Amino acid sequence: MPLHVRGLALPDETPIDLWIVDGCISTEPVAGADTVFGASGAGWILPGLVDAHCHVGLGQHGAIALDEAATQAETERDVGALLLRDCGSPTDTRSLDDRHDLPRIIRAGRHLARPKRYIPGFGAELEDESQLPAAVAEQARRGDGWVKLVGDWIDRQAGDLAPLWSDDVLKAAIDAAHTHGARVTAHVFGEDALPGLITAGIDCIEHGTGLTDDTIALMLEHQTALVPTLINVENFPGIADSATRYPAYAAHMRDLYTRTYPRVAAAREAGVAVYAGSDAGSTVRHGRIADEVEALTKIGMSPTDALGAACWDARRWLGRPGLDHGASADLLCYVEDPRQGPGVLNQPDVIILRGKMFRAKC
């Protein structure tokens with residue numbers, strides 16, 4: 001039976017009526033539809049939330065079984081995250097696309113790193129950096145339009161964070177990704193890897209805790225986006241406390257932690273596009289995108305802008321539709337304003353995915 005929902009659409013708060021038939025949204029009335037939300041008063045209607053940094057198929061030690069990966073995806077669905085940008089996973093989760101009860105996943109293939117320069121079991125490790133362009137092309141073919149690099153990690157000889165790749169190799173690798181129609185993002189904690197990545201044409205920076213005024217200016221010049229994963233940055237003090245063998249690295253991580261919110265705020269104020277990603281899958285549990293939205297308000301975003309960074313703005317950035325006529329019916333309905341905080345945002349009253357209802361509390 002066709003469905004019908006009525007409420008206020010964000011961000012402009014205009015009244016909206018949507019009909020859902022054959023799994024798609026119709027902005028034109030459909031006869032015989034069952035009104036499942038908004039019949040007795042106003043509510044709020046959003047496209048499904050986006051977690052723009054979410055590792056489905058990744059566990060604390062690397063790859064996990066597919067049924068566990070499916071459980072991760074279910075957890076995201078149940079808090080309203082219906083579109084996930086999976087920023088690197090050692091588990092091939094493409095078969096999950098056959099399950100229409102799971103969020104849509106945009107994959108970046110595997111993390112690309114160097115031996116002993118990232119978390120064991122997470123990435124594909126390249127013995128020689130000259131292999132990076134070919135490896136990027138391979139991951140572009142395996143992914144869904146994104147490739148993930150490890151831009152920096154602790155160098156045990158130096159005892160601190162250091163870049164993994166030289167600038168000329170980065171340029172060749174990012175060019176290779178773009179030739180294959182893929183965008184590139186990179187894990188970056190420190191300061192030193194950022195200039196080479198940005199000037200090479202990278203499309204996005206993950207974390208970005210080492211941003212400076214100069215690299216913010218470079219991001220603006222090259223239109224590089226930022227996904228700061230602020231709730232994961234809260235782990236930096238613990239990382240520093242455990243790094244007793246590397247005092248310089250520990251001190252650096254503590255310093256980055258104290259500078260994160262001011263630096264990300266400066267990037268946003270300067271005009272860098274900022275999107276919400278939780279980094280769920282390893283040290284961050286799944287289902288926390290609402291906490292990341294709240295964290296974005298601490299860098300000066302309004303509640304509406306912070307929600308947009310995990311919803312309509314993020315969907316536009318990723319090339320996915322929102323509440324458009326003919327789009328897949330992936331949407332959320334709330335009795336209360338979802339901008340009130342995580343207590344409301346992560347408890348949608350109605351969840352509709354591919355036109356099927358997965359929650360109907362009202």
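**Figure 1. Contacts of isoleucine 289 in the predicted model.** Leaving aside neighbours within four places in sequence, isoleucine 289 is in contact with Leu49, Val50, Asp51, Ala81, Ala276, Gly277, Ser278 and Ala310. The model shown here, as in every view below, is predicted. Isoleucine 289 lies in helix α9. Its relative accessibility is 1%, under the 20% cut-off, so isoleucine 289 counts as buried. Glycine 322 sits 33 residues away along the chain from isoleucine 289, and the two C-alpha atoms are separated by 18 Å.

**Figure 2. Helix α9 and its cover.** Helix α9 runs over residues 289-296. Six of its eight residues are buried, so the helix is largely enclosed by the rest of the structure. The buried residues are Ile289, Ala290, Glu292, Val293, Ala295 and Leu296. Which elements cover them? The cover includes two strands, β6 (49-51) and β9 (81-86). It also includes the helices α6 (230-233), α8, α10 (303-308) and α12 (342-345).

**Figure 3. Alanine 270 in helix α8.** Helix α8 spans residues 247-270, and alanine 270 is found in it. Is alanine 270 buried or partly exposed? Relative accessibility is 40%, between the cut-offs of 20% and 50%, so alanine 270 counts as partly exposed. Not counting residues up to four places away in sequence, alanine 270 touches Ile216 and Leu220. Methionine 219 is 51 residues from alanine 270 along the chain. The C-alpha atoms of that pair are separated by 9.8 Å.

**Figure 4. The loop between β1 and β2.** Strand β1 covers residues 3-9 and strand β2 covers residues 14-21. Proline 11 has its place in the loop between them. The peptide bond from leucine 10 to proline 11 is cis, with omega near 10 degrees. Glutamate 13 lies in the loop between β1 and β2 too. Its phi is near 65 degrees, a positive value in a residue other than glycine. Glutamate 13 is partly exposed, with a relative accessible area of 37%.

Figure 5. What is the phi of lysine 116? The angle is near 60 degrees, a positive value in a residue other than glycine. Relative accessibility is 68%, over the 50% cut-off, so lysine 116 counts as exposed.

**Figure 6. Where domain 1 meets domain 2.** Domain 1 is made of two segments, 3-46 and 321-359, while domain 2 takes 49-317. Their contact takes 22 residues from domain 1 and 22 residues from domain 2. The C-alpha centres of the two domains lie 30 Å apart.

**Figure 7. The whole chain, for orientation.** The secondary structure comes to twelve helices and 21 strands. The radius of gyration is 21 Å, close to the 21 Å that the globule rule gives for 362 residues, so the chain is as compact as a globular protein of that length. Along its principal axes the C-alpha trace spans about 70 × 40 × 35 Å. Of the 362 residues, 58% count as buried. Among contacts between residues at least 6 apart in sequence, 66% join residues at least 24 apart. The accessible surface comes to about 14200 Å², of which 48% belongs to carbon and sulfur atoms. The chain has 33 positive and 51 negative charges, and their mean positions are 3 Å apart.

Methods. Residues numbered from 1 in each chain as written. Predicted model: local features only at pLDDT ≥ 70, side-chain atom pairs only at ≥ 80, totals over all residues. Heavy atoms only, no water. Helix = DSSP H or I, 4+ residues; strand = E, 2+ residues; numbered from the N terminus. Rg over C-alpha atoms; globule rule 2.2 N^0.38 Å. Buried < 20%, exposed > 50% of the residue type's maximum accessible area, 1.4 Å probe, protein only. Contact = heavy atoms within 4.5 Å. Areas by Shrake-Rupley, 256 points an atom, 1.4 Å probe, with all protein chains shown as cover. Lys, Arg positive; Asp, Glu negative; His and termini not counted. Charge placed at Lys NZ, Arg CZ, Asp CG, Glu CD. Domains from an automatic or database assignment.
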